[in-house]
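This report describes the pockets and the strand arrangement of the structure shown below.

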Amino acid sequence: MRYILIGRGKMGSLLQETARAAGDEIEAAFAREDLDRLGKLGKAADVVIDFSRPEALPEICSYVRRTGTPLLSGTTGYTAAQMAQLEALGSSAPVLWSANFSLGVAVLYRALAAVSGVLKPDFDIELTETHHNQKADAPSGTARLLLEAVDPAHALTPVYGREGNTGKRRKDEIGVHALRGGTVAGTHTVHFFGPDEELEFTHRAASRQIFVNGALHMARLLPGKPNGVYDLQKILFGENA
């Protein structure tokens, strides 16, 4: 496989190292300071892999529309308008975006979707996420993904942290709390607090390698697919092959 990488940070460096160890080729790797060079390339790879910042999106969109190169993106922090731009690329190429490429998180999403409907009427739900002190966005993209699993109809009101005299907790809210410190790769816990019982679902990432392995696995599945926006969950569980 041949890749163009967007982002030369820790994830980008690990992607390069892992891909090359697997016998893949990195045709180019861009960062913020030289991303304009992407516009000068023809179709030079099988897949564009983007783990960068939201501000790189216009250049990436332009390249994908021009060349039809499949895009796999793990960039988080997009606005609703930016997500709409990303999804519109499905008319030009196969596109897969996910806030988290870990297999464990994919299974956690499924588990939460299965149980939350049963527990929501009587249980209060809170979500905590912890990341390293260099993470720029909060709450994390994975936290937002898990919120969607718990509350796909958006019937609950997210409350991002609490301060002061907020009054007693409402039944229609879901608390979201972000912790930042050290070198934590990512820990996410969804808490269900019920009458006289508690249930927690936790995923802990020991390193970024799990995200890299998952991203490269999914990237190998994109070439040859029809244009469109693909869903990680549906691909993994055989619903969007």
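**Second largest pocket**

By class, 20 nonpolar, 7 polar and 6 charged residues make up the lining of the second largest pocket. Here Ala, Val, Leu, Ile, Met, Phe, Trp, Tyr, Cys and Pro count as nonpolar, Asp, Glu, Lys and Arg as charged, and the others, Gly among them, as polar. The model is predicted: local features need pLDDT of at least 70 and side-chain atom pairs count only at pLDDT 80 or more, while totals for chains, interfaces and linings use all residues. Residues are numbered from 1 along each chain as its sequence is written, and side-chain values use heavy atoms, with hydrogens and water left out.

The second largest pocket holds about 840 Å³ of space. It has 33 lining residues, and M83, W97, R144, L145 and E148 are the closest to its centre. A pocket is an open set of points on a 1 Å grid over the protein atoms alone, where a 1.4 Å probe fits, with protein on both sides within 12 Å along at least five of seven lines; lining residues have an atom within 4 Å of a point. Grid points are joined across faces, edges and corners, and a volume is the space filled by probe spheres set on the points.

At least two lining residues come from each of α3 (80–88), β5 (94–97), α4 (103–119), α5, β7 (157–160), β11 (228–230) and α7 (232–236). The largest share belongs to α5, with 5 residues. Helices (H or I, at least four residues) and strands (E, at least two) are DSSP runs, numbered from the N terminus.

**Largest pocket**

The largest pocket contains about 1,000 Å³ of space. Its lining comprises 38 residues, with M11, F51, S52, R53 and K135 nearest its centre. The elements that give two or more residues to this lining are α1 (10–21) and α5 (141–150); α1 gives the most, with 3 residues. By class, the lining of the largest pocket has 17 polar, 13 nonpolar and 8 charged residues.

**The five-stranded sheet**

An open sheet of 5 strands has the order β7-β8-β6-β9-β10, with mixed pairing; two strands pair if DSSP finds at least two bridges between them. The edge strands, β7 and β10 (197–204), each pair on one side only. From one strand to the next, the twist averages 20°.

Strands β7 and β8 (residues 173–180) run parallel and are joined by 4 bridges. Y160 has V176 in β8 as its bridge partner.

**A helix across the sheet**

Helix α4 lies across β9 (187–194) and β10, running at about 160° to β10. Axes are lines fitted to C-alpha atoms, for helices over the stretch in contact (heavy atoms within 4.5 Å), and angles run from 0 to 180 degrees between N-to-C directions.
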